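This briefing goes through one protein chain by topic, from overall fold to single residues. Please have the sequence and the coordinates open while reading.

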Amino acid sequence: MKRFILPAFVGLALVAASLPDAALQPAGDAPDFTLTDTYNQQHTLSDYEGQWVVLEWLNYDCPFVRKHYNSGNMQDLQEEYTNDGVVWLSIVSSAPGQQGHFSN
């Protein structure tokens with residue numbers, strides 16, 4: 001079984017990731033996809049089969065993102081969960097040429 005979390009908000013994903021396996025009732029496998037992270041590395045979901053995956057949709061122009069990064073809160077969460085074996089992928093959510101997009 002693939003374990004996959006596609007959060008609208010990272011906080012919801014963290015709550016779901018902390019639940020015991022028995023509490024989760026997935027309807028089926030998530031479709032495979034490939035996304036580019038903030039380091040310009042491509043990741044394909046099927047490469048992480050059997051692992052917990054958190055997708056952090058990132059927009060550095062967002063005031064909520066700035067608040068959580070400037071306070072160190074997001075980095076602390078990333079470290080805590082990745083130390084527990086969770087795959088954490090930060091994905092830029094804005095298209096090239098649009099507000100919030102950046103390139104390395």
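**Overview**

Buried residues account for 36% of the 104 residues in the protein chain. The model is a predicted one. Its protein chain contains three helices and four strands, and their order along the sequence is α-β-β-β-α-α-β.

**Contacts and surface**

- Of the contacts in the protein chain between residues at least 6 apart in sequence, 61% link residues at least 24 apart.
- The protein chain has an accessible surface of about 6,700 Å², and carbon and sulfur atoms contribute 52% of that surface.

**Nonpolar cores**

- In soluble globular proteins, nonpolar side chains tend to be buried together.
- Ten residues form the largest nonpolar core: Trp-52, Val-54, Leu-58, Val-65, Tyr-69, Met-74, Leu-77, Tyr-81, Val-86 and Trp-88.
- At least two residues of this core come from each of strand 3 (53-58), helix 2 (63-70) and helix 3 (73-83).
- Helix 3 is the largest contributor to this core, supplying three residues.

**Glu-56, a buried acidic residue**

- Glu-56 is part of strand 3.
- Although Glu-56 is buried, it has no salt bridge; Arg-66, the nearest side chain of opposite charge, is 13 Å away.
- The side chain of Glu-56 does make a polar contact with the side chain of Ser-90, at 2.7 Å.

**Two loop asparagines**

- Asn-40 sits in the loop between strand 1 (34-36) and strand 2 (42-44).
- The phi angle of Asn-40 is near 65°, a positive value in a residue other than glycine.
- Asn-40 counts as exposed because its relative accessibility is 56%, and the cut-off for exposed is over 50%.
- Asn-59 is found in the loop between strand 3 and helix 2.
- Asn-59 counts as buried because its relative accessibility is 12%, and the cut-off for buried is under 20%.
- From its side chain, Asn-59 reaches the backbone nitrogen of Asp-61 at 2.8 Å.
- Asn-59 and Ser-93 are 34 residues apart along the chain, with 6.1 Å between their C-alpha atoms.

Notes:
Residues are numbered from 1 along each chain as its sequence is written. This is a predicted model: local features need pLDDT of at least 70, side-chain atom pairs count only at pLDDT 80 or more; totals for chains, interfaces and linings use all residues. Side-chain values use heavy atoms; hydrogens and water are left out. Buried means under 20% relative accessible area, exposed over 50%, partly exposed in between (1.4 Å probe, protein chains only). Contact means heavy atoms within 4.5 Å. Accessible areas come from the Shrake-Rupley method with a 1.4 Å probe; for residues, only the protein chains shown count as cover. A nonpolar core is a set of buried Ala, Val, Leu, Ile, Met, Phe, Trp, Tyr and Cys residues joined through side-chain atoms within 4.5 Å. Lys and Arg count as positive and Asp and Glu as negative; His and the chain ends are not counted. A salt bridge is a side-chain nitrogen of Lys or Arg within 4 Å of a carboxyl oxygen of Asp or Glu. A polar contact is a pair of N or O atoms within 3.5 Å; within protein, one must be able to donate a hydrogen and the other to accept it, and residues adjacent in sequence count only if both atoms are side-chain atoms.
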